[in-house]
Amino acid sequence: MPGPASAGDIPLGVRRRARRLAWAYLIVAAGLIVWTVFLALSLPKENLEHHYRLTWPGFDLILVLAICLTARMAFRLDARVVFPATVVATLLVADAWFDVTTSTTAQAATGALILALAVELPAAAFSLYVAHRVGRRVRELAHLDHLTGPHPPVPDRAQAHPALPSESSSPAELPPQE
(Lines give C-alpha, C1' and ligand atoms only; values in the text may rest on other atoms or scores of the structure.)
Protein backbone atom coordinates (compact mmCIF):
# COMPACT_ATOMS: atom_id res chain seq x y z
CA MET A 1 0.00 0.00 0.00
CA PRO A 2 1.18 3.49 -0.63
CA GLY A 3 2.47 5.67 2.16
CA PRO A 4 1.33 9.18 2.99
CA ALA A 5 -0.26 11.07 0.14
CA SER A 6 0.54 14.66 -0.72
CA ALA A 7 -2.21 17.08 0.27
CA GLY A 8 -2.79 18.22 -3.31
CA ASP A 9 -3.58 14.69 -4.47
CA ILE A 10 -6.49 14.18 -2.06
CA PRO A 11 -9.85 15.97 -2.31
CA LEU A 12 -10.61 18.48 0.44
CA GLY A 13 -13.59 16.47 1.76
CA VAL A 14 -11.44 13.37 2.20
CA ARG A 15 -8.75 15.39 4.00
CA ARG A 16 -11.35 16.87 6.36
CA ARG A 17 -12.81 13.44 7.19
CA ALA A 18 -9.32 12.06 7.81
CA ARG A 19 -8.49 14.92 10.17
CA ARG A 20 -11.77 14.48 12.09
CA LEU A 21 -11.03 10.78 12.36
CA ALA A 22 -7.51 11.49 13.61
CA TRP A 23 -8.81 13.93 16.23
CA ALA A 24 -11.39 11.38 17.39
CA TYR A 25 -8.67 8.77 17.87
CA LEU A 26 -6.47 11.27 19.75
CA ILE A 27 -9.32 12.26 22.08
CA VAL A 28 -10.03 8.60 22.83
CA ALA A 29 -6.32 8.02 23.48
CA ALA A 30 -6.21 10.96 25.91
CA GLY A 31 -9.24 9.63 27.78
CA LEU A 32 -7.74 6.18 27.89
CA ILE A 33 -4.53 7.57 29.37
CA VAL A 34 -6.54 9.05 32.24
CA TRP A 35 -8.35 5.72 32.71
CA THR A 36 -5.03 3.84 32.67
CA VAL A 37 -3.58 6.07 35.39
CA PHE A 38 -6.73 5.54 37.46
CA LEU A 39 -6.41 1.75 37.05
CA ALA A 40 -2.73 1.81 37.95
CA LEU A 41 -3.51 3.60 41.18
CA SER A 42 -6.75 1.85 42.17
CA LEU A 43 -6.29 -1.84 41.34
CA PRO A 44 -5.01 -4.12 44.07
CA LYS A 45 -1.28 -4.79 43.92
CA GLU A 46 -1.88 -8.52 43.67
CA ASN A 47 -4.91 -10.61 42.91
CA LEU A 48 -4.26 -14.26 42.12
CA GLU A 49 -1.29 -13.34 40.01
CA HIS A 50 1.72 -11.17 40.72
CA HIS A 51 1.93 -7.73 39.14
CA TYR A 52 -1.87 -7.46 38.83
CA ARG A 53 -1.68 -3.68 39.09
CA LEU A 54 0.66 -3.69 36.08
CA THR A 55 -1.36 -6.07 33.89
CA TRP A 56 -4.39 -3.97 32.96
CA PRO A 57 -2.69 -0.58 32.78
CA GLY A 58 -0.01 -2.22 30.61
CA PHE A 59 -2.65 -3.61 28.27
CA ASP A 60 -4.39 -0.23 28.13
CA LEU A 61 -1.06 1.47 27.39
CA ILE A 62 -0.60 -0.81 24.38
CA LEU A 63 -4.13 0.15 23.29
CA VAL A 64 -3.27 3.85 23.70
CA LEU A 65 -0.18 3.40 21.52
CA ALA A 66 -2.21 1.66 18.81
CA ILE A 67 -4.84 4.42 18.91
CA CYS A 68 -2.15 7.11 18.71
CA LEU A 69 -0.52 5.37 15.75
CA THR A 70 -3.91 5.20 14.03
CA ALA A 71 -4.43 8.91 14.65
CA ARG A 72 -0.94 9.75 13.38
CA MET A 73 -1.46 7.81 10.17
CA ALA A 74 -4.90 9.37 9.69
CA PHE A 75 -3.40 12.86 10.11
CA ARG A 76 -0.77 11.98 7.51
CA LEU A 77 -3.43 10.52 5.18
CA ASP A 78 -1.39 7.33 5.16
CA ALA A 79 -3.24 4.42 3.55
CA ARG A 80 -1.47 2.04 5.93
CA VAL A 81 -3.85 3.28 8.65
CA VAL A 82 -5.76 0.05 8.02
CA PHE A 83 -3.16 -1.88 10.04
CA PRO A 84 -3.24 0.02 13.35
CA ALA A 85 -7.02 0.48 13.02
CA THR A 86 -7.38 -3.30 12.82
CA VAL A 87 -5.06 -3.70 15.82
CA VAL A 88 -7.18 -1.21 17.79
CA ALA A 89 -10.33 -3.21 16.98
CA THR A 90 -8.67 -6.46 18.03
CA LEU A 91 -7.40 -5.02 21.30
CA LEU A 92 -10.81 -3.52 22.11
CA VAL A 93 -12.55 -6.87 21.59
CA ALA A 94 -9.94 -8.60 23.76
CA ASP A 95 -10.30 -5.91 26.42
CA ALA A 96 -14.08 -6.28 26.48
CA TRP A 97 -13.82 -10.06 26.70
CA PHE A 98 -11.34 -10.08 29.56
CA ASP A 99 -13.10 -7.29 31.46
CA VAL A 100 -16.33 -9.31 31.45
CA THR A 101 -14.85 -12.76 32.06
CA THR A 102 -12.45 -11.73 34.83
CA SER A 103 -15.03 -9.79 36.84
CA THR A 104 -15.20 -11.13 40.37
CA THR A 105 -18.71 -9.99 41.31
CA ALA A 106 -22.05 -9.83 39.52
CA GLN A 107 -22.01 -6.05 39.84
CA ALA A 108 -18.55 -5.81 38.27
CA ALA A 109 -19.57 -8.20 35.48
CA THR A 110 -22.67 -6.13 34.75
CA GLY A 111 -20.62 -2.93 34.61
CA ALA A 112 -18.04 -4.58 32.36
CA LEU A 113 -20.77 -5.90 30.07
CA ILE A 114 -22.41 -2.48 29.81
CA LEU A 115 -19.04 -0.89 29.02
CA ALA A 116 -18.31 -3.59 26.44
CA LEU A 117 -21.68 -3.21 24.69
CA ALA A 118 -21.84 0.58 24.89
CA VAL A 119 -18.23 1.59 24.26
CA GLU A 120 -15.62 -1.07 23.50
CA LEU A 121 -17.41 -3.21 20.91
CA PRO A 122 -18.91 -0.23 19.00
CA ALA A 123 -15.46 1.40 18.97
CA ALA A 124 -13.97 -1.85 17.67
CA ALA A 125 -16.63 -2.02 14.95
CA PHE A 126 -15.88 1.59 14.01
CA SER A 127 -12.15 0.87 13.72
CA LEU A 128 -12.87 -2.12 11.47
CA TYR A 129 -15.18 0.09 9.41
CA VAL A 130 -12.38 2.65 9.03
CA ALA A 131 -9.94 -0.08 7.95
CA HIS A 132 -12.45 -1.46 5.45
CA ARG A 133 -13.28 1.95 3.95
CA VAL A 134 -9.65 2.97 3.58
CA GLY A 135 -8.72 -0.40 2.10
CA ARG A 136 -11.59 -0.18 -0.38
CA ARG A 137 -10.61 3.36 -1.35
CA VAL A 138 -6.99 2.30 -1.93
CA ARG A 139 -8.17 -0.53 -4.18
CA GLU A 140 -10.39 1.88 -6.10
CA LEU A 141 -7.55 4.33 -6.59
CA ALA A 142 -5.25 1.53 -7.70
CA HIS A 143 -7.93 0.33 -10.14
CA LEU A 144 -7.97 -3.11 -8.54
CA ASP A 145 -11.76 -3.38 -8.23
CA HIS A 146 -11.80 -6.40 -10.53
CA LEU A 147 -9.68 -8.29 -7.98
CA THR A 148 -12.16 -7.78 -5.15
CA GLY A 149 -15.02 -9.59 -6.90
CA PRO A 150 -16.03 -13.15 -6.05
CA HIS A 151 -13.12 -14.66 -7.98
CA PRO A 152 -9.84 -13.13 -9.12
CA PRO A 153 -9.08 -13.53 -12.82
CA VAL A 154 -7.53 -16.87 -13.65
CA PRO A 155 -4.88 -16.83 -16.37
CA ASP A 156 -5.06 -19.29 -19.23
CA ARG A 157 -2.96 -22.35 -18.39
CA ALA A 158 -0.74 -21.79 -21.41
CA GLN A 159 -0.15 -18.20 -20.30
CA ALA A 160 0.65 -19.32 -16.77
CA HIS A 161 3.40 -21.66 -17.94
CA PRO A 162 4.21 -22.62 -21.55
CA ALA A 163 5.01 -26.22 -20.59
CA LEU A 164 1.47 -26.80 -19.32
CA PRO A 165 -1.08 -27.92 -21.88
CA SER A 166 -3.96 -25.55 -22.53
CA GLU A 167 -7.52 -26.66 -21.75
CA SER A 168 -8.19 -27.20 -25.46
CA SER A 169 -5.25 -29.61 -25.78
CA SER A 170 -6.10 -33.25 -26.18
CA PRO A 171 -3.84 -35.96 -24.73
CA ALA A 172 -2.47 -36.61 -28.22
CA GLU A 173 -1.21 -33.01 -28.41
CA LEU A 174 0.74 -33.20 -25.16
CA PRO A 175 4.49 -32.76 -25.51
CA PRO A 176 6.43 -35.99 -25.31
CA GLN A 177 7.85 -36.75 -21.92
CA GLU A 178 11.47 -37.76 -21.60
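How many helices and how many strands are there in the protein chain?

1. Overall architecture. The protein chain holds five helices and zero strands. Read from the N terminus, its elements follow the order α-α-α-α-α. This is a predicted model, and the points below should be read with that in mind. Of the 178 residues of the protein chain, 25% count as buried.

2. Three aromatic pairs are found when the whole structure is searched. In one of them, the ring centres of tyrosine 25 and phenylalanine 126 are 6.4 Å apart and the planes stand at 35°, so this pair is classed as tilted. Because tyrosine 25 belongs to helix 1 (residues 12-42) and phenylalanine 126 to helix 4 (residues 106-141), the pair ties together parts that are 101 residues apart in sequence.

3. Aromatic pair within helix 1. Tryptophan 35 and phenylalanine 38 form another aromatic pair, also tilted, with 5.4 Å from centre to centre and 35° between the planes. These two residues are three residues apart in helix 1, which means that about one helical turn separates them. Tryptophan 35 counts as partly exposed, with 40% relative accessibility. Phenylalanine 38 is likewise partly exposed, with a relative accessible area of 45%.

4. Salt bridge. Which residues meet in a salt bridge? The side chains of arginine 80 and aspartate 78 do so, with 2.7 Å from N to O. A search of the whole structure finds one salt bridge. In general, side chains of opposite charge can pair when their charged atoms come close. Is aspartate 78 buried or exposed? Aspartate 78 counts as buried, at 2% relative accessibility, because buried means under 20% relative accessible area. Arginine 80, by contrast, counts as partly exposed, at 32% relative accessibility.

5. Positive patch. Which residues gather in a patch of positive charge on the surface? The members are Arg16, Arg17, Arg20 and Arg133. Helix 1 supplies the largest share of this patch, namely three residues. Arginine 17 is located in helix 1, and its relative accessibility of 46% places it among the partly exposed residues.

6. Nonpolar patch. Val93, Leu113, Leu117 and Leu121 form a nonpolar patch on the surface, and together they have about 340 Å² of accessible area. Helix 4 gives the most to this patch, with three residues. Valine 93 lies in helix 3 (residues 82-101). Valine 93 counts as partly exposed, at 41% relative accessibility.

7. Points to inspect together. Tyrosine 25 of helix 1 pairs with phenylalanine 126 of helix 4, tryptophan 35 and phenylalanine 38 are both in helix 1, and three residues of the positive patch come from helix 1.

Key: Residues are numbered from 1 along each chain as its sequence is written. This is a predicted model: local features need pLDDT of at least 70, side-chain atom pairs count only at pLDDT 80 or more; totals for chains, interfaces and linings use all residues. Side-chain values use heavy atoms; hydrogens and water are left out. Rings of Phe, Tyr and Trp (its six-membered ring) pair if their centres lie within 6.5 Å; planes under 30 degrees apart count as stacked, over 60 as edge-to-face and the rest as tilted. Helices (H or I, at least four residues) and strands (E, at least two) are DSSP runs, numbered from the N terminus. Buried means under 20% relative accessible area, exposed over 50%, partly exposed in between (1.4 Å probe, protein chains only). Patches are made of residues with over 30% relative accessible area and no salt bridge: like charges are joined within 9 Å, nonpolar side chains (Val, Leu, Ile, Met, Phe, Trp, Tyr) within 5 Å. Accessible areas come from the Shrake-Rupley method with a 1.4 Å probe; for residues, only the protein chains shown count as cover. A salt bridge is a side-chain nitrogen of Lys or Arg within 4 Å of a carboxyl oxygen of Asp or Glu. Lys and Arg count as positive and Asp and Glu as negative; His and the chain ends are not counted. The place of a charge is taken as NZ of Lys, CZ of Arg, CG of Asp or CD of Glu.
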